[in-house]
Amino acid sequence: MSKTDGVARPGKSTDYVLEFITREAEKGWQDARATARNTLTDAWDYLTNTPGLEQPGLCYILRGRFQSLTYQGVEYARYQYKFTHSGRIWYAVVQPAKKGKGSGRVLIERVEVGHPNETEPGRNFR
């Protein structure tokens, strides 16, 4: 028997696939995993199952100049998911090609363990 890092979390064929679109997002994810593993796991579950579901105080589309993300020439709504009091994940949702067929994607642009400065309360981002 070989030594492993454990069994990978299985996913359903309808789950969204998470994808880092910046190196900073990947680094931020690693930092968040080290400091907020349980709530990051909850974020993983949310993002792979219902990434486009807005919930006040937890997950919503950003407003103002942050409301959209352009990736590979396509514009998407930019969501923010709060995984801790100050930790944030910014992402966009790519829907599956056909309803119920295959997986959609979640484009993770940014992961911050601290509140992003651009959206600090009192700053005019909305």
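To find pockets, a 1 Å grid is laid over the protein atoms alone, and a pocket is an open set of points where a 1.4 Å probe fits, with protein on both sides within 12 Å along at least five of seven lines; its lining residues have an atom within 4 Å of a point. The idea behind this is simple: rolling a probe the size of a water molecule over the atoms shows where empty space is left.

A word on what you are looking at. This is a predicted model, in which local features need pLDDT of at least 70 and side-chain atom pairs count only at pLDDT 80 or more, while totals for chains, interfaces and linings use all residues. Residues are numbered from 1 along each chain as its sequence is written, and side-chain values use heavy atoms, with hydrogens and water left out.

Let's start with the overall layout. The chain has 2 helices and 7 strands, where helices (H or I, at least four residues) and strands (E, at least two) are DSSP runs numbered from the N terminus. Of its 126 residues, 36% count as buried, that is, under 20% relative accessible area with a 1.4 Å probe and protein chains only; exposed means over 50%, and partly exposed lies in between.

Now turn to the largest pocket. Its lining consists of D5, G6, V7, A8, R9, W29, R33, R37, L40, T41 and W44.

Leaving out residues up to four places away in sequence, T48 touches D15, Y16 and L18; a contact here means heavy atoms within 4.5 Å.

For our last stop, visit E112 in strand 7 (residues 105-112). E112 counts as partly exposed because its relative accessibility is 27%. Setting aside residues up to four places away in sequence, E112 touches F83, S86, G87 and R88. The side chain of E112 also makes a polar contact with the side chain of R110 (2.9 Å); such a contact is a pair of N or O atoms within 3.5 Å, and within protein one must be able to donate a hydrogen and the other to accept it, with residues adjacent in sequence counting only if both atoms are side-chain atoms. Finally, E112 and E24 are 88 residues apart along the chain, and their C-alpha atoms are separated by 9.1 Å.
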